[in-house]
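Colleague: I would like to go through the salt bridges of a model with you. Please take them one pair at a time.

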Amino acid sequence: MRWIRQVFFIAAVFIAVTLAGTATAWAAEADGVGIFDPNTGIWTLTHPNGDVDTFYYGNPGDVPMMGDWDCQGEATVGMYRPVNGFVYVRNTNDFGVADYDFFYGNPGDVPVAGDWDGDGCTTLAIHRGGTLYVSNKLATGFADFEFSFGDPGHVPFAADFNGDGKDSIGFFDPLTARVYWRTTLTAGPPDVDTYLGVPGDQLVAGDWGQGFDSNAVVRAGVLHYQTPDGIVEWAVAGNGVAVNGKLATPPDDGLVEIVPVGDSITEGNPGEYTYRFFLYNDLVSDGLKVDFVGTRTGVCCDGEPADPNFDQDHQAWSGARSGEIAARVTASEAVVRPDIAILHVGTNDIWGPPPPGVVGADPSDPNPDYDVEVSRRHLADLVASLRRSNPDVGVVLSTLIPCDLGLVCSERIPELNEMIRGLAGQLTTERSRIALVDLDGVVALGDLVDGVHPGKDGQAAMARAYRQAVLGLLARSPLPDPIPLPDPIPDPYPLPVPIPPRPELGGPPLVEQLARRLDDIDVNGRAARHVRRARAQLQQALDDEHWDGLRADDVQIMQRLSKAAEETERAVERTDRDAVDLDELSDIEADVLGEVQAQAAVELADAAFAVGLCRGTCPPAAELLAEAEAAYANGSASAQSGDTNEAADHFSRAWAYADQAGDEALA
């Protein structure tokens with residue numbers, strides 16, 4: 001990386017004093033980065049807290065801008081259309097038509113947005129043939145003033161370079177990485193003329209948490225900006241043209257995002273708890289709001305864990321070596337932005353292909369390419385990737401648990417562990433601390449189920465050690481090196497109180513049973529007519545081919561079950577209070593409604609999981625999910641008040657919205 005810093009900031013002394021000793025990440029009041037894809041019209045906004053929004057706005061070929069168009073303190077999107085000289089701005093960052101549009105300039109002009117007079121409102125200037133035409137209003141008309149500055153073909157940008165509350169204009173030459181600017185909106189030579197980054201970078205100017213504007217570059221999805229402690233790298237999502245803006249950050253709700261990273265010891269095998277189960281429940285029991293994050297979920301091989309009642313997201317791949325894990329984490333760094341990462345990485349570096357567990361492989365075969373220095377580089381790359389995702393990430397770096405499959409285990413695991421102990425001390429910083437968890441003595445050979453993978457007690461022991469490190473990082477208290485061993489694990493390990501399980505689905509067997517029960521109901525008059533109608537609706541639902549096991553897989557099934565619930569409610573209302581079959585009919589009404597609610601609840605849970613995987617990149621799915629959740633809440637309220645008809649209708653609509661949300665999220 002070429003960083004020529006001779007005049008990198010206009011007030012170097014002020015900057016050094018202002019930033020010295022700070023340990024704040026990309027702060028909430030900092031700017032975010034917008035990326036506009038000119039081929040698709042998609043905006044991707046990366047907020048300073050790591051949240052990501054995507055939406056369509058503008059046409060391919062438009063020049064993107066961001067500015068505080070309505071003077072409310074937040075940057076929103078705008079477009080300049082070079083083919084006709086029109087400006088289209090929105091006052092919210094979402095899909096829709098322009099809130100305001102006007103003509104300014106000539107076709108082919110190059111726009112730059114800024115607050116030229118310090119009134120808190122963004123307006124436009126256009127660059128044409130080396131002259132800037134500046135307007136202090138968002139309206140068609142003549143420029144308020146003009147001056148000569150900047151070479152044609154260079155990219156203009158705006159920033160408050162001297163701290164006077166007013167933006168001025170600079171230029172960036174992407175072919176040479178030259179950057180130059182004036183601190184006033186006047187003609188003349190540059191006040192600062194230097195180089196930043198490398199040719200091909202995109203320059204964005206903004207406040208990156210320091211409290212003043214400075215320059216940064218975006219390269220290959222990573223923002224690079226300078227601090228007195230060195231260059232900070234921050235992953236940004238999206239592809240296209242980079243634009244800075246003062247994007248709002250949602251308030252901190254106390255949620256702690258944790259990514260478990262590793263191989264099969266982290267991912268787990270079918271029927272195992274995994275250390276993730278114990279750790280999640282331990283941290284929740286500590287009163288923390290915890291969100292395990294990652295692009296993967298569950299356990300290996302499409303299996304089921306021993307107990308699914310925990311947040312199962314992770315970044316772990318069975319059989320993967322440290323280099324593969326580092327590369328895969330890097331590929332998702334712009335969307336997985338943890339507060340804390342837990343790393344148990346390197347066990348597969350000692351084996352030869354294929355990995356342990358593959359039929360026909362001798363797991364004690366050594367990896368002929370094994371090199372502890374290569375593993376060291378991969379772990380360092382992994383930590384660097386996590387810091388691009390969040391410069392303040394806390395890292396729990398653990399030594400490897402032992403294995404018991406021959407000489408390769410007894411020689412290479414200790415060597416890797418010694419390297420990991422040294423690496424923790426080398427890589428830790430005050431801003432992004434590394435807590436070393438030494439698992440020597442925590443998991444014993446007797447805790448292994450196959451010579452490699454820990455059983456339940458070993459998994460629980462790992463979780464207890466990791467819990468101490470996580471709590472230490474969150475408290476920012478001094479961390480002993482290494483983290484002390486936890487108390488001995490009770491035998492048997494006390495399992496936490498389980499999270500309430502998903503509702504039980506009845507599916508076709510229950511529907512068939514309910515239909516038979518209705519056949520046996522003996523009532524007269526209008527009640528009998530409603531019983532027959534309910535029976536017919538259940539039969540139609542049963543005959544529908546769109547069942548996926550016990551799950552309804554089509555809204556028609558839900559609508560028929562809902563109609564059956566409505567008809568049974570009417571039958572109850574029209575049955576004589578002294579009728580022998582009234583209680584049985586009431587029970588059937590409750591069972592039909594319960595099935596409608598259970599189907600909606602399971603569909604809602606799956607939709608929430610799918611939308612969660614988007615991590616803010618599929619707003620239409622999130623909106624549909626919100627509709628589904630609202631409908632489900634209304635259904636629950638109606639059910640409690642005894643209105644079966646109303647409740648069943650709400651649950652049916654909740655299922656439909658959730659189904660759409662899941663499809664949208666996975667599209």
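Colleague: With which residue does Asp-440 form a salt bridge?

Modeller: A salt bridge is called when a side-chain nitrogen of Lys or Arg lies within 4 Å of a carboxyl oxygen of Asp or Glu. In this predicted model, the partner of Asp-440 is Arg-421, with 2.7 Å between the closest N and O atoms. The pair links distant parts of the chain, 19 residues apart: Arg-421 sits in helix H6 (residues 407-427), and Asp-440 in the loop between strand E27 (434-437) and helix H7 (456-475).

Colleague: What relative accessibility does Asp-440 have?

Modeller: Asp-440 has 41% and counts as partly exposed. Arg-421 is also partly exposed, at 22%.

Colleague: Which helices does the salt bridge between Arg-517 and Asp-591 link?

Modeller: In that salt bridge the closest N and O atoms are 2.9 Å apart. The pair joins helix H8 (residues 507-519), which holds Arg-517, to helix H11 (residues 582-614), which holds Asp-591, across 74 residues.

Colleague: Is Arg-517 buried or exposed?

Modeller: Buried means under 20% relative accessible area. Arg-517, at 19%, therefore counts as buried, while Asp-591, at 31%, is partly exposed.

Colleague: How far apart are the closest N and O atoms of Arg-90 and Asp-94?

Modeller: They are 2.5 Å apart, and the two residues form a salt bridge. Arg-90 is buried at 8%, whereas Asp-94 is partly exposed at 32%.

Colleague: How many salt bridges does the structure hold?

Modeller: The count is 28.

Terms used: Residues numbered from 1 in each chain as written. Predicted model: local features only at pLDDT ≥ 70, side-chain atom pairs only at ≥ 80, totals over all residues. Heavy atoms only, no water. Buried < 20%, exposed > 50% of the residue type's maximum accessible area, 1.4 Å probe, protein only. Helix = DSSP H or I, 4+ residues; strand = E, 2+ residues; numbered from the N terminus.
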